[in-house]
Amino acid sequence: MLLQQLVNGLTLGAVYTLVALSFSLVMGILSVLNIAIGELFMLGGFIGFAVIASNLPLPVALVFAMAGAAIASFIIQKVAYEPLRDAPLITPMLSTLGFSIILQNIVTNVWGSDPLQLPAELFDADFTVGPVRIGVMQVVVVGVTVVLVGAVAYLVQRTSAGRALRAIAENRDVARMLGVSVSRTTFLAFAISGLLAGAAGVLISLHYAAITPYIGVDIGLKAIAVMVIGGTTRVWGALLAGPLIGVAEVMTIAYGGSQIRDFIVYGLMILILLLRPQGLLGGARSDVGQRV
Amino acid sequence: MLEIRKFLIGGLLTAALVSGAQAQNQVNIGAIVPSSGPFAEWGRTNTVTLKMLEKQVNDAGGVNGAKLNIIILDDAAKPAQAANNMRKLAGDDKVLAVAGPLTSSACEVTFPIANELKTVATSQASSKPGVAKANRPWAFRNTVDEGILANTSVPYFNKTFGAKSVAIIYDAKDAVSTSIATRIMPAAFTSAGVKVLNGDSPISFNTGDLDVSAQVTKLKSLNPDGIVIGADYSQAVTVLREMKRQGLMKPVIGGTPLISSAILKAAPEIPVIAPATFYATMSTPKAKKFVADLQPLLRSASGLPKDIEPSMYDANIYEIVNMYVDAAKKSGITGKPGDLEADRTKIRDYMANLKGYDGFSGPIHFGEDGDAIKNFFIVEGKNGAWETKVTGCSAAGGGC
Amino acid sequence: MMSTYYAGLFADIGILFLGAMSVYIILATGQLSLGNAGFMGIGAYVASFLTVEMHLPLTAALVASALVAAVIGVIVGFPALRLKGIYLAIATLGFGEVVRSFLLNFDRMGGAGGFHGMKHVSLEYIWTWAGLIFLLIVMLERSRLWLEMRAVHDDETAANLVGLNTTMTKVGAFGSGAAVAAISGGLFAHHYVYIEPGNFGFERSIDFVLAVILGGSTVGAGAAVGAALLVLLPEWLRFLADWRLAAFGVLLVLVLLTRRQGILDRPLLDKLRFRRARS
C-alpha cells in the first residue's frame, strides 16, 4: 500500500507543482497574488473536456486548454493588473478575485454546476508494476509536469526573456533603466502563468475525469502553500514542494487520519514562512515581500 | 458622488419595482432555491419546475379565483442569503408560505426566521437529522430522516451483496454526510451484525477535493465487502471514478444525497444503493406525467445542460407548493392582504394535519418533528439506471 | 418602520462592518491579514459556548471572547513580525485555514454538524457594538498612537530609527484586530443562532478585506461603505438572475479600477463636510 500511496502522492504533487508554478511566476516576479489562477486551472479543465468530447486527441486538448487559459490570463493582466500596477498590492489582488467570480459564473452558465464527466473508457488504461497499479494518465500527468517545469526553468534561467523576468523580479526600476521592456515581460509572466494553469487543469480533469466549476478554489489555496514552501523565486522549488506536499497529504490520510490533512499542509506552510521565508530552495533574500 | 447616488437610487428603484409588482387579487407563495453557486443546477431546475406549476395552476383557474404568483429567490447556497430571502418573502412580499431552502446549512438559519415571522417554510432537500424538529411549529421538510432510510437500505444491502464487512468514506466538511457516515450507517450496520472495518476512524475528504486517490487506496487495503459513501452526489462521483480507476469494484451504499443522474454515469459497473422518493425513470403514472411535462422545459431552459432530467428535489418542491395551493383552496384563502396572518396559520395547520396527500411516492403527511412521512424506495443504480428494489415507509410503525 | 428584510441586511452590514474594521486596524500598520475569519470563528464559538453552556449574558460573553481572540491575535502577531507584505498575508491565510480545520474536528462544539442554542439579538444591539468600535477607531485616528501606526505603515525602518516601538504597535494592532473580529463573530453567531465551521473560511476573510478596500482603506468610515456595498449589491443585482454573481465581479473590478483608493477617502470626506457646512 505504501508504494501505491507514493504514486498517488506524486500525481497529486504534480498538479500542485504546476499550479504553484503558475502562482509563483506572477507572484515571484510582480509580487501580485493572482487569485484567479485557481479559475484559470478550472477553465483549462473545461476547455480540455470540451475538446475531448468532440473526439479530438489529448495533445489538441492540451494546446486548446493552455491557449484558452493563457488568453484569460492575458485579459486579467490587461484589465485587472496593468491599470493597478502602482496601487498597493491588495488592490490588484482583489481585482483578480473579481475575475475569479466572473469565471466561475460563466463556466456554471455554460457547462452547468453538476460534475462534467468523461465517458468511462477514455484514459482509463493502466498497468501494474509489482503490487502497484499505475494509470497511464498518471504517467502523462507526471511526465508533462516535469517537461513543463524543465521548459520554464530553461526559459527563466537561460534565455534573454528569462533574464528580463529575473531582472524585474529583483528590482523593477533598475531593470527598466537597464532597458528591460516591462510591459513585454509582464505579459510573458502572465502568459506562462496561464499556460501552466491551463495545462494543469486539462491534465487533472482528464485524469480524475469529473470536474465542476468550483474545483479551482481549494487547489488554488493549496497551491499557494506549495509555492511558499518551494520558494517563490525558484522555479525548481515548486517541483520539490509539490510532491513533498502531495506525499505528506497522502501519508496523513494513509497513516494519521484524513481529518488533520489540511492542518498539516497549512501548518507546514506557516512553519516554512517563519523559519525559511525564502522557501526551501530560495536564495538568501532575508527581506522578502514589499509593503502592502 | 453623483454617479454613486444615481447608482444607489437605481438599485432602490429596482428593488421597489420588483417587490411592488403584485396585483391585488393574488396568492403569493415564495421559494428559496440556489440558482447560482455550487448547486446552481438544482436551483435552476427547481425554478423551471415552479414556473411550470404556476402556469398549470393558473391555467386551471388559479386559487379560489385569485392568481397564483410564485416568487422565486436565489440564495446561491449561502445560508446568510437564504435567511435574508426568507425575510424578504415573508416581510416585503407578503407570501403565504415558503418552499425551501435547499441545503441543510441554509435551513439551520432560515427556519428560526420562519418561526419568528410565523410563516411556513418547507425544505425540498435538507436531510440533516433534527433540523426541522429544532424549529417547530413553522418548519417542515418534505424529506425523510436519513436514519429511518438507513434502517431499510442497510438490510437490503447486506442481503443482496452478502456483505460481512463495510468500510466508510465521507465528506468531512459536509454536515449531512458526516452524520450519515459517522453515526447513522455505523449504527445500522453494527446492529445488522455487519462489521464496520473503520468505524473508529472513518476515512474522510473535503468538499471540493478533486483527488481522493489516497483515501480510496486506503479503503481498498481494508478489503471490505461494501463501501459506505457519505457525500453528496457531486463528490461521490469523484469517489466512484477513483474506485473504478483503482479497481475497487465493490457495491456502494449511501444516503439520499447520492441520488442524481450524474452518479449513474460515474462508474456504471459499480452498483449503488441509495434511498429515494423520486427518480426520473420511475414508473408510476403520476411521476411519468411529471417527467413528460417537465423534461422538455428543463432541456430548453438556458443555463442547463441539454441532457438534464428532473431531480428528486424538483419533485419535492413541486409537491410542497402543490400542498400550499391545496391548503389555500381548501381553507378559502383568496390572497386578501388583511387576512395574511390568519391565512399563514391556516397553511401551517393544514400542513400539520395533512392526511394522505397524493405525492409521487404515494400518500404524504408530516410527523411531529416536521419531517415528511411518506413512502420511499431503496433503489439500485447500475448500468446507467435506477431501479426500485424495496419500498418502505418512514412512519414509525411502518405503513403510510 | 424598516422592513424585516432590510433589518436582516443591516444586521449583515453591521457584522461585516465590524469584520472590516478588524482588518482596517491591522492594515493601518501596513500588515494585511487574510485570516481574520479565523479570529471571527474563535469569537463566534467562544461567545456561543459561554452563552449557551455557561449561561453568561451576551455582552459578557462577547467581551470574554474578544479577550481570548486578542490573546491569540498577539500570539499570532509576534511571529508575524518576521514577515512582510504578501508573505504575511499568505501566513495569515494559512492561520485561517488551520482554525477552520480545527473547528471542523472540534466535536465538543458540534464539528461539521454546527452548533446552536444561541438567542437572537436585535439589530440595535449589533449596531451598538459596531458604533462603539467605530467610535474607538475615530478616536484612535485622532491620537498620537495613530500617527505611530501610520509611521510604521509608511516606513518601518524610519519609525524604528526615531525610537518608536514598532513591535508593540504591530503586535498590538493584531491583538485589537483579532478582538474586533471576535466580536463580529459573536454577533454573527447570535444573529443567525447557528454556526458551522464553513461560515469562517477564506471567503469570509476576503470579504473583510474587500469591504475595507472597496469602501476606502484610508478612513475608518470606508469600512462601513464597503460593508454596505458588499451586502446590498448582490441583492440589488437579483434582476440579472443567472448572471448576478458575474455582474458583481464586474462591478468589483470597475470600482477598483476607477477608485483604487476606495470609494471614501480624505478629500471626498472633506468635500462632503464642506458641503454640509455651507447648506
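## Exercises on a predicted model

In this predicted model, A31(B) has A99(B), in β3(B), as its bridge partner. The exercises start from that pair.

**Exercise 1.** Find how strand β1 and strand β3 of chain B pair, and over how many bridges.

*Solution.* Take the strand ranges. β1 of chain B covers residues 26-33, and β3 of chain B covers residues 97-99. Now read the pairing. The two strands run in the parallel sense, over two bridges.

**Exercise 2.** State the order of the strands in the open sheet of chain B, and name its edge strands.

**Exercise 3.** Determine which strands helix α12 of chain B touches.

*Solution.* Locate the helix at residues 340-352 of chain B. It packs on the sheet and touches β3, β4 (120-123) and β5 of chain B.

**Exercise 4.** Describe the side of chain C that touches chain B.

*Solution.* Begin with the residue counts. Chain C supplies 25 residues to the contact, and chain B supplies 30 residues. Move to the elements of chain C. α1 (4-27), α10 (220-236) and α11 (244-258) each give two or more residues to this side. α1(C) gives the most, with five residues. Finish with the classes on the chain C side: 12 nonpolar, nine polar and four charged residues.

Conventions
Residues are numbered from 1 along each chain as its sequence is written. Chains are lettered from A and ligands numbered from 1 in the order in which they are written. This is a predicted model: local features need pLDDT of at least 70, side-chain atom pairs count only at pLDDT 80 or more; totals for chains, interfaces and linings use all residues. Two strands pair if DSSP finds at least two bridges between them. Helices (H or I, at least four residues) and strands (E, at least two) are DSSP runs, numbered from the N terminus. Two residues are in contact if their C-beta atoms, placed from the backbone, lie within 7 Å. Axes are lines fitted to C-alpha atoms, for helices over the stretch in contact, and angles run from 0 to 180 degrees between N-to-C directions. Ala, Val, Leu, Ile, Met, Phe, Trp, Tyr, Cys and Pro count as nonpolar, Asp, Glu, Lys and Arg as charged, and the others, Gly among them, as polar.
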